[in-house]
Amino acid sequence: MINLKPPEARASTVPPVTAEKALSLISKGWREVRNSADADLQLMRDRANSFKNLASSFDRELENFLNSASKSKFSVPAIRSSPPAEIDFVKRLQPKLSEIRRVYSSPEFSRKVLQKWSPRPRIRIDLSAIKNAIVSEVEDRDDVVDYDARESFWRGRKVGFTNFRWEWKGEGEGEEGQFRDWEPIRVLKTRLREFERKNSSSEIFENFKNSEFVEKVKSSLQVPPFDVPELLAYLVRQSGPFLDHLGISRDISDRIVESLCSKRKSQLLLRSIPAGEASILEGDINDELDLRIASVLQSTGHHYEGGFWNYSSNHDLSERKRHVAIVTTASLPWMTGTAVNPLFRAAYLSRSAKQNVTLLVPWLCQSDQELVYPNNVTFNSPEEQELYIRKWLEERVGFRADFKISFYPGKFSKARRSIIPAGDTSQFISSKDADIAILEEPEHLNWYHHGKRWTDKFNHVVGIVHTNYLEYIKREKNGAIQAFFVKHINNWVTRAYCHKVLRLSAATQDLPKSVVCNVHGVNPKFLKIGEKVAEERERGQQAFTKGAYFLGKMVWAKGYKELIDLLAKHKSDLHGFKLDVFGNGEDAHEVQSTAKKLDLNLNFMKGRDHADDSLHGYKVFINPSVSDVLCTATAEALAMGKFVVCADHPSNEFFRSFPNCLTYKTPEDFVVKVKEAMANEPQPLTPEQRYNLSWEAATQRFIEYSELDRMLNDEKGDSQSAQASGKIFRKSLSTPNLTNMVDGGLAFAHYCLTGNEFLRLCTGAIPGTRDYDKQHCKDLQLLPPQVVNPIYLW
């Protein structure tokens with residue numbers, strides 16, 4: 001509604017008009033103005049066309065009449081000699097008609113007719129003023145199109161609607177009337193002038209000075225360009241995959257990079273250091289180089305979106321809660337490390353409200369279950385096995401773990417004594433839950449993996465190395481040659497399928513993207529046993545009534561060879577020393593017969609749970625194994641407050657800080673440590689030592705070293721970033737990464753090789769494990785592989 005009060009009367013009541021309100025008013029009334037103007041113009045066009053058609057018709061009639069009159073011949077002879085008066089009249093009339101035709105065809109006549117017939121609008125809108133108001137122009141424009149524009153329309157020139165200016169013609173004004181702005185437009189222009197005056201030039205300059213554009217220009221001027229040593233250092237570091245396969249160790253590459261970067265540091269010391277590079281003189285060489293490359297590229301405005309073989313994930317991270325999928329190679333009731341430790345990890349990770357957890361374990365058919373699971377325990381369905389797993393877990397952790405258990409098809413390999421996945425394991429994690437993946441034994445899971453790349457499906461993939469496969473393979477026939485190939489295959493698959501790799505100890509193979517950290521804890525039940533033992537000793541009771549024992553799967557590689565060699569060599573030095581051995585396994589008969597031949601004082605008994613009551617009274621745990629990565633039984637014995645005698649080996653590095661852990665370097669030292677343990681009482685564990693052994697501490701270490709904390713605290717899962725001089729550089733988005741392209745190429749090559757059944761069999765795969773079989777389809781209620789992944793033959 002238009003306010004009809006004079007401007008002076010409503011000056012105090014009109015609220016401040018902002019640009020947004022003005023645009024809202026214009027958009028609201030635009031359609032009405034446009035429709036009214038179109039209707040008026042169409043009416044004028046129709047009337048003018050009607051008049052022109054009428055005039056043209058009249059002109060044609062007169063022309064025909066004159067032509068017919070001038071050519072007419074009369075039959076009366078008297079008339080030929082003297083023309084009649086009517087013919088003379090027609091001849092005198094013809095010039096007058098030409099004058100009439102000239103008059104009504106003139107533009108002046110058309111203008112007057114339109115002026116007379118057109119409706120007299122009381123409101124004329126200057127559309128150029130609306131345009132000026134939108135772009136905040138203060139000066140009026142004189143591009144007004146008057147009736148001349150309308151004349152040009154009739155001459156065939158199309159004049160746009162925005163070229164017309166409608167005005168208000170006041171009463172008593174002359175023909176040429178005065179033009180005035182529409183009142184709302186006048187108010188809008190007045191308010192815009194006031195708004196411009198408020199924004200002084202100094203404020204505009206200050207905003208421009210603080211703009212992102214100026215910051216980029218300043219940063220680009222402050223950051224010097226690359227030099228040759230920096231480029232060479234970055235090329236050497238990015239060429240790590242090639243150097244690994246050529247046999248050049250990582251230490252050599254690091255020394256080359258450090259040497260090249262040291263030249264850069266020396267140059268910086270000789271001149272003033274730019275503000276953006278103050279942190280480059282100190283810190284890790286790799287991080288310094290990354291920040292240097294990222295800072296220069298970011299200063300130029302370069303933004304790297306990804307490279308060859310680098311497929312970005314399109315996961316929906318709109319929900320705040322993340323999803324963690326733990327994939328392992330074994331399951332209860334098989335009491336092995338890859339069955340127990342991932343189960344505890346899932347339980348303790350699920351206690352946090354930040355993520356949902358799914359544990360993915362292998363399902364074995366009935367025939368394989370009889371070969372793997374002890375005491376003839378078998379399951380008819382996955383649901384039955386899940387109940388067994390949850391019951392076992394709740395008895396030990398003391399709380400109900402809220403996580404999901406799923407199964408994938410697996411087959412037992414007698415040659416490798418391990419479970420090999422059948423088919424694409426990643427397909428058993430739904431796309432909506434494919435966020436963070438934890439691969440327990442990543443090399444084992446991916447030896448024959450023929451499916452989607454883990455790093456393509458998941459935002460973050462962490463591998464945890466449990467087993468020192470090279471140590472086991474070296475003990476086999478042609479072990480050195482097999483170990484050489486397995487070493488490079490392990491490098492291949494972990495590099496291609498993992499973002500981060502955690503090694504439980506330095507005893508494992510030095511894999512790409514890896515860091516050493518013990519992320520395993522001890523079953524809470526063993527810590528409670530240790531607390532009970534400490535309480536009994538405080539009351540003066542004798543907690544340990546038995547001597548030494550050894551517990552482990554009875555295969556030669558689990559330390560039985562080292563144990564028999566030590567006891568046989570120092571039988572006389574350990575006269576009277578008796579050792580109880582608990583375990584079952586494929587080499588049980590050979591181990592027992594060898595010990596009997598050597599007349600060793602070993603008492604063999606069936607394997608049992610380490611928390612069994614019959615084992616609480618032993619004081620010393622003997623573990624001479626050097627093939628373990630991180631012996632779970634050693635950690636459990638320490639948690640129960642016992643002495644542990646173990647080899648001075650990288651696998652036992654974590655346990656050296658405990659006073660009850662006695663390590664030996666030589667066979668003679670072994671005898672000394674055994675006698676020392678048998679003659680003394682172990683020290684009670686401190687609260688700090690108990691916490692370091694717990695799963696709470698292990699979970700915290702895992703979250704920190706796997707960079708899971710960054711993923712869980714970052715809703716969008718942003719890429720790795722580093723901070724230097726108050727500025728964030730996104731390394732993965734700013735820096736082209738040759739390593740990512742190489743990893744993608746390795747993954748593609750591995751996919752092609754594992755898709756060939758002949759090549760799979762040549763490398764020791766179980767026949768028919770590229771896809772799961774009919775029995776798995778029946779047990780897990782799966783569609784046949786040829787239905788899920790059809791092959792079309794054209």
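The paragraphs below start with the sheet, then turn to a helix pair, a loop residue and the aromatic rings.

This is a predicted model: local features need pLDDT of at least 70, side-chain atom pairs count only at pLDDT 80 or more, and totals for chains, interfaces and linings use all residues. Residues are numbered from 1 along each chain as its sequence is written, and side-chain values use heavy atoms, with hydrogens and water left out.

Begin with the sheet. It is open and mixed, with 8 strands in the order β4-β3-β2-β1-β5-β6-β7-β8. Strands (E, at least two residues) and helices (H or I, at least four) are DSSP runs numbered from the N terminus. Two strands pair if DSSP finds at least two bridges between them. The edges belong to β4 (418-421) and β8 (514-516); each has a single partner strand, so one side of each lacks a neighbour in the sheet. From one strand to the next, the twist averages 30 degrees. Strands β2 (residues 355-363) and β3 (residues 404-413) run parallel and share 6 bridges. Pro-362 has Tyr-408 in β3 as its bridge partner.

Now look at helix α28 (residues 695-705). It lies across β5 (436-440), β6 (460-465), β7 (500-503) and β8, at about 145 degrees to β7. Axes are lines fitted to C-alpha atoms, for helices over the stretch in contact, and angles run from 0 to 180 degrees between N-to-C directions. The axis of α15 (residues 337-349) comes within 10 Å of that of α28, and the two cross at roughly 85 degrees. The helices are therefore roughly perpendicular (angles of 65 to 115 degrees). Contact means heavy atoms within 4.5 Å. Among the α15 residues that meet α28 are Phe-344 and Tyr-348; on the α28 side they include Trp-695 and Phe-702.

Where does Asp-433 sit? Asp-433 is in the loop between β4 and β5. Asp-433 is buried, at 15% relative accessible area (buried means under 20%, with a 1.4 Å probe and protein chains only). Leaving aside neighbours within four places in sequence, Asp-433 contacts His-323 and Phe-458.

Finally, the rings. Rings of Phe, Tyr and Trp (its six-membered ring) pair if their centres lie within 6.5 Å; planes under 30 degrees apart count as stacked, over 60 as edge-to-face. The count is 20 aromatic pairs. Tyr-348 and Trp-695 are stacked, 6.3 Å centre to centre with 15 degrees between the planes. They are 347 residues apart, in α15 and α28. Tyr-348 is buried at 8% relative accessibility, and Trp-695 is buried at 1%. Phe-550 and Tyr-560 are edge-to-face, at 5.1 Å and 70 degrees.

Technical notes. Angles under 35 degrees count as roughly parallel, over 145 as roughly antiparallel, 65 to 115 as roughly perpendicular and the rest as oblique. Buried means under 20% relative accessible area, exposed over 50%, partly exposed in between (1.4 Å probe, protein chains only).
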